[in-house]
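Here's a quick tour of a protein model, written for someone just getting into structures. Have a look at it first, then read on.

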Amino acid sequence: MVYRRPLKLKCLKIVMANLLTVFVVMGVIVSGFRMGRADGLDMNYYLFSCPFVESVVKDIVNRALEDDPTLAAALLRMHFHDCFIQGCDGSILIDSTRGNTAEKDSPANLSLRGYEIIDDIKEELERQCPGVVSCADILALAARDAVFFAGGPVYDIPKGRKDGTRSKIEDTINLPSPNFNASDLIKMFGQHGFSAQEMVALSGAHTLGVARCSSFKNRLPKKDPTLNSVFAKTLSQTCSAGDNAEQPFDETRNDFDNLYFDALVSGNGVLTSDQTLFVSPKTRNSVNSYAQNQALFFLDFQEAMVKMSLLDVKEGSKGQVRDNCRKIN
């Protein structure tokens with residue numbers, strides 16, 4: 001028998017978490033962000049050119065998650081993989097061609113999914129306001145709304161990103177590995193301007209979704225001493241079904257909460273790059289804080305997400321608005 005939290009309790013949790021954060025959102029200030037503008041972007045960028053862009057994105061994302069709640073993790077991961085390669089420019093959405101292997105066909109990205117949601121949003125926005133809304137903005141907004149509909153914090157992001165014109169498989173070497181330790185993660189995230197604490201907050205995105213056995217099976221034969229012995233048996237049982245077998249990061253794979261950090265405190269981190277956050281003294285305090293205080297995690301996560309959405313954005317002539325998110329104009 002699978003225990004499920006009562007719907008009323010889940011709804012109350014979502015409401016309380018959002019009440020704690022909504023007032024702070026109005027005053028969120030991150031690097032380069034002041035009075036609704038950030039690095040040339042604007043909260044009201046589409047106010048006159050495409051006024052219903054946010055409602056269109058929310059509606060389509062909500063319907064998709066009602067049909068398949070696991071897509072919340074997929075959209076959030078896709079946004080992260082987009083921003084960490086050449087900035088938040090929608091390059092992850094581009095299909096490979098005969099002369100170019102794109103980012104999405106890298107081994108690190110083969111498990112990404114949810115592209116059809118972005119396609120559906122783009123199709124509707126092209127019908128309402130052709131040639132106006134970029135695929136990069138659509139993906140950023142879809143990831144934000146996925147977090148909210150999964151029970152996470154509500155926050156706004158500035159708009160006006162342009163779509164990039166480069167997507168190459170070799171660039172994906174700059175994605176963090178599941179085998180990274182805390183020092184590796186701090187260094188890689190630091191190259192993008194994130195502190196160790198912000199890195200831990202963003203890692204909390206693993207409160208949604210699953211990892212495949214292929215990404216953690218290396219921990220099992222070595223008897224990783226940082227791995228809870230009982231949980232190690234769970235991972236071994238998962239891997240008995242093959243490399244593509246899925247293991248949730250925490251016990252509520254479709255709910256955005258702080259149970260991921262509880263898992264780390266208990267030695268139940270799925271990936272090496274998860275458990276290292278508690279093992280390392282450089283990041284342990286942040287893990288403990290988020291495990292004890294979900295509202296704090298929500299606040300730090302939303303600020304880090306806004307900051308991530310501003311990574312190396314293309315503006316003006318440095319980018320384009322693709323007619324089709326899968327192809328460069």
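A residue counts as buried when its relative accessible area is under 20%, and as exposed when that figure is over 50%, with partly exposed in between. Keep in mind that this model is predicted.

Tyr46 has a relative accessible area of 3%, so Tyr46 is buried. Tyr45 comes in at 35%, so Tyr45 is partly exposed.

| Residue | Relative accessibility | Class |
|---|---|---|
| Tyr45 | 35% | partly exposed |
| Tyr46 | 3% | buried |

These two also meet ring to ring. Searching the whole structure turns up 16 aromatic pairs. In the pair of Tyr45 and Tyr46, the ring centres are 4.9 Å apart and the planes sit at 85 degrees, so it's edge-to-face. Elsewhere, ring pairs join Phe256, Tyr260, Phe261, Tyr290, Phe297, Phe298 and Phe301 into a cluster.

Now for helix H12. H12 covers residues 294-308, and at 1.5 Å a residue it should span 21 Å; its end C-alpha atoms are 20 Å apart, which agrees. At the start of H12, Asn293 brings a side-chain oxygen to within 3.2 Å of the backbone nitrogen of Ala295.

The whole structure holds 2 cavities of 30 Å³ or more. The second largest cavity has a volume of about 30 Å³, and its lining includes Leu93, Tyr115 and Arg326. By class, that lining has 4 nonpolar, no polar and 3 charged residues.

Methods: Residues are numbered from 1 along each chain as its sequence is written. This is a predicted model: local features need pLDDT of at least 70, side-chain atom pairs count only at pLDDT 80 or more; totals for chains, interfaces and linings use all residues. Side-chain values use heavy atoms; hydrogens and water are left out. On a 1 Å grid over the protein atoms alone, a cavity is a set of points where a 1.4 Å probe fits but cannot get out, and a pocket is an open set with protein on both sides within 12 Å along at least five of seven lines; lining residues have an atom within 4 Å of a point. Grid points are joined across faces, edges and corners, and a volume is the space filled by probe spheres set on the points. Ala, Val, Leu, Ile, Met, Phe, Trp, Tyr, Cys and Pro count as nonpolar, Asp, Glu, Lys and Arg as charged, and the others, Gly among them, as polar. Helices (H or I, at least four residues) and strands (E, at least two) are DSSP runs, numbered from the N terminus. The expected span of a helix is 1.5 Å times one less than its number of residues. A polar contact is a pair of N or O atoms within 3.5 Å; within protein, one must be able to donate a hydrogen and the other to accept it, and residues adjacent in sequence count only if both atoms are side-chain atoms. Rings of Phe, Tyr and Trp (its six-membered ring) pair if their centres lie within 6.5 Å; planes under 30 degrees apart count as stacked, over 60 as edge-to-face and the rest as tilted. Buried means under 20% relative accessible area, exposed over 50%, partly exposed in between (1.4 Å probe, protein chains only).
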